[in-house]
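Dear colleague,

I am passing on the structure we spoke about, and I would be glad if you could look through it alongside the notes that follow.

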Amino acid sequence: MTFHRIEQMIVGMHHNVQIIPIPAFKDNYIWLIHNGQQAVAVDPGDAQPVIKTLKKLHLSLSGILITHHHQDHIAGVNALIKAYPDAVVYAPKLETYSFPHTPVEEDQLVQLTDLDLNFSVMHLPGHTLGHVAYYTENKLGDKWLFCGDTLFGAGCGRLFEGTPEQMHQSLKRLAALAGSTQVYCTHEYTLRNIEFALSLEPSNPILQKRKLDTQALRDKGMASLPSSIELECATNPFLRCHVASIQVGSGLRSANEVAVFTRIRELRNVY
Ligand SMILES: [Zn+2]
């Protein structure tokens, strides 16, 4: 082993941040980002499974990132900050929360010094009006996106508050991130979304392969996530409104991307 290789290993160990899914409720994931000592939880809708995991792994909670105000993303916050009073909570500035928090908005940098990570905040209206995502890149060049209920594996969130135009624009911003960006969504909807995507685009070979890969993971009880921006751009119909096969599959045969997006979101609502 060369010196260079040993040095790389030590650097790797120093930045050895792991991201693990904590399943909650029926199909939520609470993502835990940790370095073996300190942890940050994303969208903790339930405190108990988080506390259980923190204790099992001998971790302390130093931060909580909130993407939007829905109960299944925030209901665990009060119990967590009671158990871990040092944990700093970050939540979207444009929404109202009952717990103490640092409001975050577009372009803001959330510095998690314990984990040696800086997250940039993206305001992504659509699912809710104040919805944000957190994007970070570590010193090894790994890129991670925590996108709440905006982008799902092969799908996207429902439009509870925003317009189709807003959601379409938000998704286009995510699609423009580097293809290697790992996508951490908060629900395990991937297989059902793939079925829907295949109903629009049955001949997409990458989508067909994704179905098999996802089925194999789920059969083993594993999460279908994280996904990647590259895979989403190749398979997610909501990121493919500019592609002829989706425009045909939507039934509209229109090149108006927002119209196609609106139509396939409506189709997915009743699928
Ligand atoms: Zn939601």
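A residue is called partly exposed here when its relative accessible area falls between the limits for buried, under 20%, and exposed, over 50%; glutamate 106, with a relative accessible area of 32%, is therefore partly exposed. Please keep in mind that this is a predicted model.

Glutamate 106 forms a salt bridge through its side chain with arginine 173, at 2.8 Å from N to O. Because glutamate 106 sits in the loop between strand 6 and strand 7 while arginine 173 belongs to helix 5 (residues 164-175), the pair ties together parts that are 67 residues apart in sequence. Arginine 173 is likewise partly exposed, with a relative accessible area of 29%.

A search of the whole structure gives twelve salt bridges, among them one between the side chains of glutamate 105 and lysine 93, at 3.5 Å from N to O. This pair links the loop between strand 6 (102-104) and strand 7 (109-112), which holds glutamate 105, to the loop between strand 5 (88-92) and strand 6, which holds lysine 93.

Turning to the metal, the zinc ion has as its protein donors His68 (NE2), His70 (ND1), His127 (NE2) and Asp149 (OD), which lie 2.2 to 2.3 Å from it, and along the chain these donors follow the spacing H-x1-H-x56-H-x21-D. The angles that the four donor atoms subtend around the zinc ion run from 90 to 170 degrees, so the arrangement is irregular. Histidine 68 is buried, with a relative accessible area of 0%, and histidine 70 is buried at 17%.

Key
Residues are numbered from 1 along each chain as its sequence is written. This is a predicted model: local features need pLDDT of at least 70, side-chain atom pairs count only at pLDDT 80 or more; totals for chains, interfaces and linings use all residues. Side-chain values use heavy atoms; hydrogens and water are left out. Donors are N, O and S atoms within 2.8 Å of the metal (3.2 Å for Na, K and Ca); water is not among the atoms, so sites may look incomplete. Four donors count as tetrahedral if all angles lie between 85 and 135 degrees; four count as square planar and six as octahedral if opposite donors are over 155 degrees apart and all others between 65 and 115; anything else is irregular. Buried means under 20% relative accessible area, exposed over 50%, partly exposed in between (1.4 Å probe, protein chains only). A salt bridge is a side-chain nitrogen of Lys or Arg within 4 Å of a carboxyl oxygen of Asp or Glu. Helices (H or I, at least four residues) and strands (E, at least two) are DSSP runs, numbered from the N terminus.
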